Amino acid sequence: MILRVNQSSGIPLYLQVMEQVKHAVETGALRSGDQLPTIRKLAEDLVMNPNTVARAYRELEHEGVIELRHGSGAYISESVGWNSKITRKAQAVVQSAVERLVASGLSGSEIRRLVENELAMLRDGADHE
Amino acid sequence: MSDFAIEVNALRKSFGGRAALDGLDLRVPAGSIFGFLGRNGAGKTTTIKVLMGMLRADGGAARVFGLDAGDPAQSVEARRRIGFVTEDKELYPYMTVEQIIRFTRPFFPKWRDDLERRYLKMFDLPPKKKIDILSKGMRSKLMLLIAVCHSAELLILDEPTDGLDPAAVEDVLRELVAIAGSQGTTIFFSSHQLNEVEQIADNICIVDKGRAVVAGVLDDLKARYQRFHVVLESELAAPVRWVDGVEHVRQEGRTVSILASGNAEGIVRQIESLPGASVERFPVGLKEIFLEKVRSDENALV
Amino acid sequence: MLWYKAWLETRWRMLLPAGMIFFALFTGHQSKGRLHFGPGSMLGVVGLFWLTAPLTLAGSGLRTEAPFQAVKGLHGSTYFTLSLPVSRLRLFASRTALGILETAGILVAVCGIAVAVFPELRGLATAADGFRYMATLLLCSLGYFGFSTLLSTFVDQQWQVLIAVGTIFLSLWLGVSGRLPRSLDMFAAMGPASPLINHAMPWGAVALSVGAGIVFLLAALRVVQARQY
């Protein structure tokens, strides 16, 4: 994992580590289920204090971004997609589209059919590469 | 069994009327990497010598692993578990690298032969060369090798990277981090290189004129300390009685610069109560904290 | 390993005393086996030269630099030594013990070689008297050894040797000028009153030397233990 921390900025190092992990998740560099390096390995690679790395991992786990699986290490959470900015943006798009469709008189099942239709066409389009 | 590898309470030590230590308090958590900072003559080396049983304090208490550093027998016991690098990196000039390793090994039954081989190679130390012809940098590395190889629970290092080039410094820092991670060794080091301390220390203490002026978890200190740049409509007529948390204030015309160690909300509220004040907030690094706490500032209003 | 370190520190110091004693015995050989004493004679010279051995080999185990030369109070490597898990008593004891062994070693080796190489010396005395003589030399040196060790705890090595040599001449003068009773005079014990002549051990002088030696060594040990570095 490529992280860059600036130790002389006034920003606590563990926060910088957390920020960079979260950023990696948002941009897709890290995906759900990806394994993070062990605390010791990351500390050695970055020449950082292992306690600081451990604190970052603990906080990330607390926020639900990663899971610490006993014995095997740290992994990006399955549910992390819901916290990413992209998903939040997408959620906003879906919300406004659904509101507009409902306002023009369509039912829930009609909207669902429309969406699935659209997705299917995308899929077909991709298949005909 | 203490959670602290080192505990110092109200330590006092004077040399010929001059107080080198004037009520120093220190608590080094086990398993931490602890940066001990201060200007020359602030009392860092004196503290280290008291911990190692070389100096006897005039007052207060110093304990290592719960053992009394001032009691000769307990100090010997503590030193079995401590790896030490001295300030001037002097070893026996008439011995070779090989000889001094062979000399030191029997004192420490848990000597790590694997680490010895690894560091001889990594630090490029010539086994058959006499110590008196080695450079200071090489002696630093040799002392570090000796300190690390005896599987110490605590490393006390006085300026460990002194005399080393940047690549060697990085090697040393990486090894220290690796040792801390894999063996849970507590590392207590004094240094003038603030950026190195910021890189690997999780706890720090800044000592000035024989007392601790700042101590705590480094990341927490960085979160607490803030700088506020305030621009006022007009210069302050009367001095302001600042709220708690304001450490240093510097005023130049309509600009006021405040270093705060906490109570950010209270300070911002107080600033906003001043006429026409606009305020910007900046994070504060260790260098700024250090310089503010150890220099007497003639411009400071607080 | 402390003995090893002390050995490395002091091994070359044995050369000068060994050479001097050998030279003294050589003059005895040159004098064609006549035992006499007084300035320039074999026994007088041996006694005097012999004392260079305990002086140069005495040390406390912790290297010092003279406080009144005062740039550094201490040799830097002393901090390394003090950081080892060894009590100061053990540091002191191993260094002192090695010093005494080296001193004894020189005596035995040099006398042995001289007797082998200079056949005239063999006829001078019986073997028993010869051993008594060596024992006298060794025991009489202990006082100076102890004093030299005490000096080493607070002065530089050059000053240590210089002051100790001064003390030797002082005690020589005390004996020669009659201010010291003959039975306690160490130079008499090593010279005119020695076992080679009297066929008996000079117990007075030996006791004085050993007693003084013990007192000085204990004082040196106390200094080392109390000293702050």
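**Strand 7 of chain B and its surroundings**

Gly83(B) has Leu155(B), a residue of strand 7 of chain B, as its bridge partner; strands, like helices, are DSSP runs numbered from the N terminus, a strand (E) having at least two residues and a helix (H or I) at least four. The model is a predicted one, in which local features need pLDDT of at least 70 and side-chain atom pairs count only at pLDDT 80 or more, while totals for chains, interfaces and linings use all residues. Residues are numbered from 1 along each chain as its sequence is written, chains are lettered from A and ligands numbered from 1 in the order in which they are written, and side-chain values use heavy atoms, with hydrogens and water left out.

Strand 6 (residues 82-85) of chain B runs parallel to strand 7 of chain B and is joined to it by 4 bridges, where pairing requires that DSSP find at least two bridges between the strands. Strand 8 (residues 186-190) of chain B is also parallel to strand 7 of chain B, with 5 bridges joining them, and here Leu154(B) has Thr186(B) as its bridge partner. Together with helix 6 (residues 166-183) of chain B, strands 7 and 8 of chain B make a right-handed β-α-β unit; right-handed means that, with the strands pointing away from the viewer, the path from the first strand over the helix to the second runs clockwise.

In strand 7 of chain B (residues 154-158), 5 of the 5 residues are buried, that is, under 20% relative accessible area, with exposed meaning over 50% and partly exposed in between (1.4 Å probe, protein chains only). Leu154(B), Ile156(B) and Asp158(B) are buried on one side of this strand, and Leu155(B) and Leu157(B) on the other.

Chain B also meets chain A: 25 residues of chain B are in contact with 19 residues of chain A, contact meaning heavy atoms within 4.5 Å. Between the two chains about 1,700 Å² is buried, 52% of it from carbon and sulfur atoms, where buried area is the accessible area (1.4 Å probe) that two parts lose on being put together, summed over both. Val177(B), Gln199(B) and Asp219(B) supply 31% of the area that chain B buries against chain A, more than any other three residues. The rule, a side-chain nitrogen of Lys or Arg within 4 Å of a carboxyl oxygen of Asp or Glu, finds 1 salt bridge across this interface; Asp220(B) forms a salt bridge with Arg55(A), with the closest N and O atoms 2.8 Å apart.
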